[in-house]
Amino acid sequence: MSSNDKRGRLVIAVDGPAASGKGTLARRLAAHYGLPYLDTGLLYRMVAKAVLDAGHDIQDADAAAAIVASFDEAAFPEDSLRGREIGEAASVVAAMPAVRSGLIARQRRFAGQAGGAVLDGRDIGTVICPEARAKLFVTATPEVRAARRHRELTARGEPATFEGILADIRRRDARDSGRSDAPLKLAEDAVLLDTSALTIEEAAAAAIGIVDARRANPSHENAIISD
Ligand SMILES: Nc1ncnc2c1ncn2[C@@H]1O[C@H](COP(=O)(O)OP(=O)(O)O)[C@@H](O)[C@H]1O
Ligand SMILES: Nc1ccn([C@@H]2O[C@H](COP(=O)(O)OP(=O)(O)O)[C@@H](O)[C@H]2O)c(=O)n1
């Protein structure tokens, strides 16, 4: 799909650490460009939930590998996946090579849809869709991300302290960036978008501006990240 992606279909890769706002922006981009959207973090969350629901230890790589081979996405309502414990467990199974490799085909199938797609995660621009026309790396300071996640979990009725969430975020950042297989990192042709001081509206406008610039100038992919 490589050269085709660059000319015609619009595949947008949105990567970044926990609670940076990548899902919010990916959804906005999908609505703006009329593209389907896949939150790839949910796939890792599903695998983690299935491992725990079956009574296995979350570190059990054989159990996770067996689950990833056959799990049914429809069996996991999104609301059951968004909690704090599942986010933490997802980052444990996401470090297992068999889990990562077992999820590649589903993600690439989604990205291969006729008009293109928006995917968000940790390795979309680096591993899943290296030929994506536009790549954003969305970030924010750990404190800002913890405050956002704290607000989100509190609104869901999940008890949590800001300090506890900040510790979760730091631990997850370290695990996601430090793993050997597909670590979280900036793709060399990605544009960094720091949302720490931006409202959702400001961040969405910036994200659309980045994608429009890349669409207008697909052959000069590194030009807009050189400053
Ligand atoms: N720029 C922003 N300013 C304030 N809150 C934001 C911003 N971007 C996202 N949020 C909020 O932060 C929380 C985490 O955002 P989300 O998009 O789910 O992050 P991620 O997908 O990176 O984990 C959500 O409650 C979302 O509404
Ligand atoms: N493409 C992806 C998406 C998620 N993940 C893992 O899955 C975990 C949960 O991802 P998520 O995107 O749902 O988490 P949040 O950023 O929403 O907190 C992350 O901490 C990563 O370890 C991954 O490794 N690769």
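Glycine 21 counts as buried because 25 C-beta neighbours lie inside 10 Å; a residue is buried if 20 or more other C-beta atoms lie within 10 Å of its own, exposed if 12 or fewer, and partly exposed in between, with C-beta atoms placed from the backbone. The structure is a predicted model, in which local features need pLDDT of at least 70 and side-chain atom pairs count only at pLDDT 80 or more, whereas totals for chains, interfaces and linings use all residues. Residues are numbered from 1 along each chain as its sequence is written, and chains are lettered from A and ligands numbered from 1 in the order in which they are written.

Glycine 21 is placed in the loop between β1 and α2; helices (H or I, at least four residues) and strands (E, at least two) are DSSP runs, numbered from the N terminus. Leaving aside neighbours within four places in sequence, glycine 21 is in contact with Val138, Ala140, Thr195 and Ala203, contact being defined by C-beta atoms, placed from the backbone, that lie within 7 Å. Threonine 24 is found in helix α2 and is partly exposed, with 19 other C-beta atoms within 10 Å. Both Gly21 and Thr24 belong to the feature "binding site" that an unreviewed UniProt entry places at Gly16, Pro17, Ala18, Ala19, Ser20, Gly21, Lys22, Gly23 and Thr24. UniProt positions are given in the numbering used here, feature names are shortened, and annotations may be inferred rather than shown by experiment.

Around ligand 1 there are 15 residues, of which Gly21, Gly23, Thr24, Arg148 and Glu152 come nearest; a residue is near a molecule if its C-beta atom, placed from the backbone, lies within 6 Å of it. Two or more residues of this shell are given by each of α2 (22-33), α8 (142-155) and α10 (200-216), and the largest share, 3 residues, comes from α2. The shell around ligand 1 divides into 5 nonpolar, 7 polar and 3 charged residues. Here Ala, Val, Leu, Ile, Met, Phe, Trp, Tyr, Cys and Pro count as nonpolar, Asp, Glu, Lys and Arg as charged, and the others, Gly among them, as polar. Ligand 2 has 16 residues around it, with Ala18, Gly41, Ser91, Ala94 and Gly121 coming nearest. At least two residues of the shell around ligand 2 are supplied by each of α3 (41-53), α5 (84-93) and α9 (162-178).

The largest nonpolar core has 30 residues, and those with the most contacts inside it are Ile12, Val14, Leu119, Leu136 and Ala207. Such a core is a set of buried Ala, Val, Leu, Ile, Met, Phe, Trp, Tyr and Cys residues joined through C-beta atoms within 7 Å. The largest share of this core, 5 residues, comes from α10. Apart from it lies another core, of 18 residues, including Met46, Ala64, Ala89 and Leu103. Beyond neighbours within four places in sequence, leucine 136 is in contact with Val14, Ala190, Val191, Leu193, Ala207 and Ile210. Isoleucine 210 is located in helix α10 and is buried, with 22 other C-beta atoms within 10 Å.

Helix α3 is largely enclosed by the rest of the structure, because 11 of its 13 residues are buried. The buried residues of α3 pack against β2 (37-39), α4 (61-68), α5, α6 (97-111) and β3. Following α3 is glycine 55, whose phi is positive, near 85°.

Definitions and conventions
Two residues are in contact if their C-beta atoms, placed from the backbone, lie within 7 Å.
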